[in-house]
Amino acid sequence: PDQVAALKGQIRFRPAGKAALSPRASGPQFLLEFFYFYDFYIVSALLLMALIFRFNVEARASETGLLLALGFTPRAVRALLWIEGALMASLGGVLGVGGGIVYAQWLLHALATRWRSAVGTSALEFHAETASLVIGYGAGVAAAALAVYVAARRQAALSARELLASTGLETPRPAARGRIGLYVAGVCCCG
């Protein structure tokens with residue numbers, strides 16, 4: 001009782017329920033959750049893109065085997081696969097940047113009009129800097145090029161006979177599974 005009396009002037013009580021229901025209080029929390037979701041979305045998209053490029057290289061194992069059987073060096077085969085993947089990633093990056101701009105404008109318009117009560121403000125404007133667009137484009141192309149390089153490097157290490165006999169859908173070796181898990185864990189930690 002004496003301790004409560006001593007703290008009586010130092011403790012302030014606020015109506016927490018009323019503050020939590022006000023639009024001002026829910027706006028920043030919603031935006032924070034929104035940005036957390038976008039971090040997850042970007043990491044997921046990068047992983048999906050890497051898997052698609054890897055499956056593309058693995059599905060074409062017989063083509064790689066044929067090139068090796070015709071006398072191409074493993075380095076030349078890796079270079080061909082990498083150049084093809086990098087060109088496709090570059091084209092996809094251009095479409096992705098354009099689509100991202102349109103999507104961001106639409107989303108901000110929707111947040112400022114239809115979903116204004118969720119964010120607590122309508123003062124949202126689209127702003128894109130050339131540097132951020134170039135960084136996004138470069139990161140996407142670099143991630144795709146890295147995925148193609150890793151898949152092509154592993155595939156070109158096999159003999160032409162093994163590649164020609166394969167269906168392209170082999171399961172990874174146990175050691176490779178551990179490395180894939182490390183790659184995924186590294187990407188998740190960075191995100």
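Mentor: A definition comes before the count: a cavity is a set of grid points where a 1.4 Å probe fits but cannot get out. Please also keep in mind that this is a predicted model.

Trainee: How many cavities of 30 Å³ or more does that rule give?

Mentor: The count comes to one cavity. The largest cavity has a volume of about 40 Å³.

Trainee: Which residues line the largest cavity?

Mentor: The lining consists of Phe53, Asn56, Val57, Arg60, Leu81, Glu84, Gly85 and Val148. Helix 3 (23–59) and helix 5 each supply at least two of the lining residues.

Trainee: Arg60 is charged. What does its side chain meet in a salt bridge?

Mentor: The side chain of Arg60 meets that of Glu63, at 3.0 Å from N to O. Glu63 is partly exposed, because its relative accessible area is 42%.

Trainee: How many salt bridges does the structure hold?

Mentor: There are four. Among them is the bridge between Glu58 and Arg54, at 2.9 Å from N to O. Both residues lie in helix 3, four residues apart, which is about one turn of the helix.

Trainee: Is Glu58 buried or exposed?

Mentor: Glu58 counts as buried because its relative accessibility is 16%, and the cut-off for buried is under 20%. Arg54 is buried too, with a relative accessible area of 15%.

Trainee: Which residues are linked with Glu58 in a network of salt bridges?

Mentor: Arg54 and Arg154 are linked with Glu58 in that network. The side chains of Arg154 and Glu58 meet at 3.3 Å, N to O. Arg154 lies in helix 7 and Glu58 in helix 3, so this pair ties together parts that are 96 residues apart in sequence. Arg154 counts as partly exposed, at 26% relative accessibility.

Trainee: Turning to aromatic residues, how many aromatic pairs does a search of the whole structure find?

Mentor: The search finds two. One of them joins Trp106 and Trp115 edge-to-face, with 6.2 Å centre to centre and 90° between the planes. Tyr103 forms one aromatic cluster with Trp106 and Trp115.

Trainee: How accessible is Trp106?

Mentor: Trp106 is partly exposed at 41% relative accessibility, and Trp115 is partly exposed at 39%.

Trainee: Lastly, which residues form the nonpolar patch on the surface?

Mentor: The patch is formed by Trp82, Ile83, Leu87, Leu146, Tyr149, Val150 and Tyr183, with about 700 Å² of accessible area together. Helix 5 (74–112) and helix 7 (130–156) are the elements that give two or more residues to it. Ile83 lies in helix 5 and counts as partly exposed, at 43% relative accessibility.

Terms used:
Residues numbered from 1 in each chain as written. Predicted model: local features only at pLDDT ≥ 70, side-chain atom pairs only at ≥ 80, totals over all residues. Heavy atoms only, no water. Patch = residues over 30% accessible without salt bridge, like charges linked within 9 Å, V, L, I, M, F, W, Y side chains within 5 Å. Areas by Shrake-Rupley, 256 points an atom, 1.4 Å probe, with all protein chains shown as cover. Buried < 20%, exposed > 50% of the residue type's maximum accessible area, 1.4 Å probe, protein only. Phe/Tyr/Trp six-rings, centres within 6.5 Å; stacked < 30°, edge-to-face > 60°. 1 Å grid on protein atoms, 1.4 Å probe; cavity = no way out; pocket = protein on both sides within 12 Å on 5 of 7 lines; lining within 4 Å. Points joined across faces, edges and corners; volume = space filled by probe spheres on them.
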